[in-house]
Amino acid sequence: MDRALKLGVADGAFDGPAARAEVRSETVSLVVENMHCGACMTSIERCLKSVPGVSDARVNLSARRASATFDPARVDVQALIDALGRAGFRAAEAVEARGDQDVARADDLLRRLGVAGFAAANVMLLSVSVWAGQASDMDKAAAALFHWLSALIAMPAIAYSAQPFFRSAIDALKGRRLNMDVPISLGISLATVMSFYQTLRGTSHVYFDAAIMLTFFLLIGRYLDQHVRVRARGAAENLLGLKSLGALVLDEDGTARRVSARALAPGMKVQVAVGERIPVDGRIVDGVTDVDASLITGETLPQAVGKGGTVHAGTVNLTRPVVVEATATDDSTLLAEIARLMQAAEQGRGQYVRLADRAARQYAPAVHVLGAATFVGWMMFGAGWELSLTHAIAVLIITCPCALALAVPAVQVTATSRLFGKGVILKAADGLERLAEVDTVVFDKTGTLTRGAPVLSNASAIDDAALAEAASLAIASRHPYSKAVLMAAEARGIDVRPAEGVTEVPGSGLSAMGPSGERRLGSAAWIDGVSAAHGGAGSLWYGAAGRAPVAFHFDDAVRADAPDVVANLRRAGYGVYLISGDREEAVQRVAQEVGIETSQGAVRPDGKIAVLDALKASGRKVLMVGDGLNDAPALAAAHASLSPSSAADISQTAADAVFQGEELGPVLEAIKVARASQGMAIENFAIALAYNAVSVPMAMAGHVTPLIAALAMSLSSIAVTLNALRLKTARLRLSLVGGRR
Amino acid sequence: MTALAWLIPCALALGAVGLVAFIWALNSGQFQDLEGSGWRAISDDEDDKPRP
């Protein structure tokens, strides 16, 4: 990612020298959604540069971002976003670049990796000569010279490159813990110190090559780990950035100006157009409208809200433009309550220990005991302290967990990039591990199992003429039911002509006056001749003079592959539950349709947590899949969590991974890849241990030469990396819960 | 053996040139957009002309 992404004021570097004195310029980073290739890249740059006041624009295709340098006196950020919008690119200002620190760390690791690589190559060049010389006739002086050169290259390189391991090891020891970096640091530093001592004495026990190779391989693992993190965070930030669109704020004097949603403060009046997402929690001060709160409550049906009514951030305004006054974000708001629940829930998960650290807890003491045993053993055989120490250090070098430290990152990188290709963005570093352990999947309904948009369910009972007339009214409205009517009409190939003079009454319906009298589409109460008792929730009526009222019934369409995904999960022995904030009967219906036996409706956010706690108490490890704001606490409380990219911001933040697209299949893919990757990580540990099982007895017996140390180190590292790469192309099937195939 | 006196410094110098080039490339942001750079090379846009 670009370092110049940071928002800041710099001198106008690209304006002529004459202008430099007074022209100020700002650089802004924009997230651009639909940028895919070089052609998009050039058109975005050309489009931005054509805006007056913009002095430079540069696209970063990998990060899906564009940075523009502009003169704040002549143009503002919103104008740039609008210009891109006209060119067909959806853009938004990037979220405050929290990832910058991560990028800097990745760059730092890459620099150290470069230095270690340079040193490793040169030291190996010298070492191979010495090894070859042992077989032929290299004289002692030449070997000594080569050892001295190795020392000269390796020691400064190690002092610089291995710092991340040293620092982490010291931190761990200070906290009275053992992590993988403790034996690593010990191995590297002891190998270096001993090699220097042996070089001084002119013996052949010089391990500079092993020490620097070790540093090099370990840095690769560390860099890959960091790279995955940077990429995932960038992608997640882009998703969030695209959602935090601007808000139109009305000032005291009635003028309107666009500000970013983050800049809103309590008391500001915000104009919300039809179809826009309401950017703040607030009270309606002008207008009446229908609000789609499906993202917040899981309820599919829109609610009518009048003047003085409360609306929540994230809900969609459907029927009339309204003015909303932002209310103070005190503890009583829905968002604050959900944030509180989330905080409490996350504390429970904080104690998760990663596989690599669990391995380190077993491995590190074992290594140190082996090293000590070697020293004591040789002392008891009367070998003298110097020889005993040499052998003990050889054991530490051999056991240095190079392959062990690469085992997990290598798998993580292949698994993450495979999931990335399938539209799953993994955010949490330990997400894969937790995902692999789940045995129960809890789904939310609206927006997760279903697409979150209703479809006409009784289309076959409605004749073409009635559908065409209803659609001619519906085309004027953004109500989800109207859209569904329109879609049904278009699916039948009906040419929909918009009716003239359609008016929409929030909470009731649509009407239009025509030559043959008034035509109406709306709730039962809105239509003459239909008793309110007929109009259960989930239906619309169409009424016109001289025709019997026609009923339209709606369903929230289930994602096409949802029954398949559920069946697959159940076949593999997963417990599958459906828990939703929506009405009980709607939940029951969806549960039946996708084949879930246990379902529960009308559950509040704290109720969802209670259900998860009950499952946890019975020994289950739960994967929560949900999208609504009301799911966010549950997402944070569950053992692992997934949310679709259409989810509320807060839910995406809470979830371990976000999946994109119309299908539910990525959920299955994520579980499969997670389990395969855990299997592979354990395989990798086994490979690493197998190498140790062979080489440690040799080292303890004092038979390890520098050549054997270097070979064991490199071969085991390469073996685990190659093994991890298999995951990229392997065909995966969902194995049974509990590891049974 | 005398060959070593200049072969080894040569090897080291070449390696050092590579390392310096890598660090220069890293610091000047050459690795920040690997995907985009590939496209820029085949773009018809006059991105390669000096700035006015």
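I will go through a few parts of this predicted model, which has a chain A and a chain B that touch each other.

Let me start with strand 4 of chain A, residues 65-70, which is mostly covered, since 6 of its 6 residues are buried. If you follow the side chains, Arg65(A), Ser67(A) and Thr69(A) point one way from strand 4 of chain A, while Ala66(A), Ala68(A) and Phe70(A) point the other way, and all of them are buried. Which strands pair with strand 4 of chain A? Strand 2 of chain A, residues 24-32, pairs with strand 4 in the antiparallel sense over 6 bridges, and within that pairing Val28(A) stands opposite Ala68(A). Strand 3 of chain A, residues 54-60, is also joined to strand 4 of chain A by 6 bridges, and these two strands run antiparallel as well; here Val54(A) has Phe70(A) as its bridge partner. Strand 3 and strand 4 of chain A form a hairpin with 4 residues between the strands, and in that hairpin Arg64(A) takes a positive phi near 55 degrees.

Among the residues that make the contact are Val115(A), Ala119(A), Val123(A) and Leu126(A) from helix 3 of chain A, and Phe146(A), Leu149(A), Ile153(A) and Ala157(A) from helix 4 of chain A. Taken over the whole contact of helix 3 with helix 4 of chain A, the residues divide into 14 nonpolar, 6 polar and 1 charged.

The other pair is helix 12 of chain A, residues 402-421, with helix 23 of chain A, residues 706-729, and their axes come within 8 Å and cross at roughly 20 degrees. That angle makes helix 12 of chain A roughly parallel to helix 23 of chain A, and the crossing is right-handed. On the side of helix 12 of chain A, the residues that meet helix 23 include Leu406(A), Ala410(A), Val411(A) and Arg418(A), and on the side of helix 23 of chain A they include Met713(A), Val720(A), Leu725(A) and Lys728(A). The residues of this contact divide into 12 nonpolar, 4 polar and 2 charged.

Now a brief look at an open sheet of 3 strands in chain A, which has the order 11-10-13 with antiparallel pairing. Why is one side of strand 11 and of strand 13 of chain A left without a neighbour in the sheet? Strand 11, residues 303-305, and strand 13, residues 316-317, stand at the edges, and each has a single partner strand, so one side of each has no neighbour there. Strand 10 of chain A, residues 289-292, is joined to strand 11 of chain A by 3 bridges, and in one of the pairings Val291(A) has Gln303(A) of strand 11 as its bridge partner.

Finally, the two chains: 21 residues of chain B are in contact with 24 residues of chain A. On the side of chain B that touches chain A, the elements giving two or more residues are helix 1, residues 2-27, and helix 2, residues 34-41, of chain B. Helix 1 of chain B gives the most to that side, with 9 residues. The residues on this side of chain B divide into 11 nonpolar, 6 polar and 4 charged.

Conventions
Residues numbered from 1 in each chain as written. Chains lettered and ligands numbered in written order. Predicted model: local features only at pLDDT ≥ 70, side-chain atom pairs only at ≥ 80, totals over all residues. Contact = placed C-beta atoms within 7 Å. Nonpolar A, V, L, I, M, F, W, Y, C, P; charged D, E, K, R; others polar. Pairing = 2+ DSSP bridges. Axes fitted to C-alpha atoms, helices over the stretch in contact; angles between N-to-C directions. Parallel < 35°, antiparallel > 145°, perpendicular 65-115°, else oblique. Left-handed = near helix turned anticlockwise from the far one by under 90°. Buried ≥ 20, exposed ≤ 12 C-beta atoms within 10 Å, placed from the backbone.
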